[in-house]
Amino acid sequence: MFTPPAAYTLVATDLDGTLLRSDDSVSPRSRAALTRAASAGAQHLIVTGRPVPGIRALLADLGYDGLAVCGQGAQVYDAGSARMVNSVTLDRDLADTALGKIEAEVGQVFAAVDQDGPDGRTLIEPGYRMPHPSLPARRAGRRADLWAAPVIKVLIRHPALTDDELASAARGAVGDLASVTMAGPGTVELAPYGVDKGTGIALAAGLLGRDPAGAVAFGDMPNDLPMFRRSGHRVAMAGAHPELRAEADEITLSNEADGVAVVLERLFA
């Protein structure tokens, strides 16, 4: 039987569908619960698929000055010093080849990229629709324009396939050219091969002098599985993807119902 550690040293939270409400806000109750955990000695570690430029305003609003794992583990960012600690890019020739292999299997897909760096842009090719309309993006005239600068990941959408179908087909097509994951509705992504939230949390935890096995981790989608597998206690949100629910130690309430706070209030009572 699984026995969680007596004391948690890390609180690892995904953002979309987990800590954030649908309006991209963090509720007062969740803020208070994170403060309570911090007062007990647990470091909050954000672990998100969003690239650094997509969360800097949120970090400032939270008063967050620690490390953040971004871009599906491709980036580790020090919010306190506004410095990129680590960044892994996806080879652009490999990425373009991977897209061609996917399209050979499933027909045309529409793509976007997150560029490298703290000020990198999200570029979207014609036909691609952003899953989070509130996130900034710039349109590219054609696919070749996506490769104008180094990128950390590629996002793909298909006009007919479900996310699960597209992710499965993409994994079979790309092999070791890239890591494929599903990060949310309409969000299938290609990252550098071997890079994921698990490698990201391991790197960040090491820099903090913490053991990821002492983490309580919260998530909702398959991209959170590598983080779950490194963590001591795994909490899936209500409505989480079945793959994540199958590996969770417990299921909490939804992000709209402060599911993260409910668990932290109990663990750090």
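This is a predicted model: local features need pLDDT of at least 70, side-chain atom pairs count only at pLDDT 80 or more; totals for chains, interfaces and linings use all residues.
Let's start with strand 11, residues 187-191. Is it buried or exposed? Five of its five residues are buried, so strand 11 is largely enclosed by the rest of the structure. Look at the two faces. T187, E189 and A191 sit on one side, and they are buried.

Now the pairing partners. Strand 9, residues 151-157, pairs with strand 11 in the antiparallel sense. Three bridges join strand 9 and strand 11. Strand 10, residues 179-184, also runs antiparallel to strand 11, and here there are five bridges. Find V188 in your viewer. Which residues stand opposite V188? I156 is one of them. M182 is another.

Strand 10 and strand 11 form a hairpin with two residues between the strands. In that hairpin, G186 has a positive phi near 70 degrees.

That brings us to backbone angles. Most residues other than glycine have a negative phi.

Take D24. Its phi is positive, about 70 degrees, and D24 is not a glycine. D24 lies in the loop between helix 1 (15-19) and helix 2 (28-39). With a relative accessible area of 26%, D24 is partly exposed.

Next, D258. Its phi is positive too, near 60 degrees. Where is D258 found? In the loop between strand 14 (250-251) and helix 9 (259-267). Buried means under 20% relative accessible area. D258 comes in at 9%, so D258 counts as buried.

Note on methods. Residues are numbered from 1 along each chain as its sequence is written. Side-chain values use heavy atoms; hydrogens and water are left out. Helices (H or I, at least four residues) and strands (E, at least two) are DSSP runs, numbered from the N terminus. Buried means under 20% relative accessible area, exposed over 50%, partly exposed in between (1.4 Å probe, protein chains only). Two strands pair if DSSP finds at least two bridges between them.
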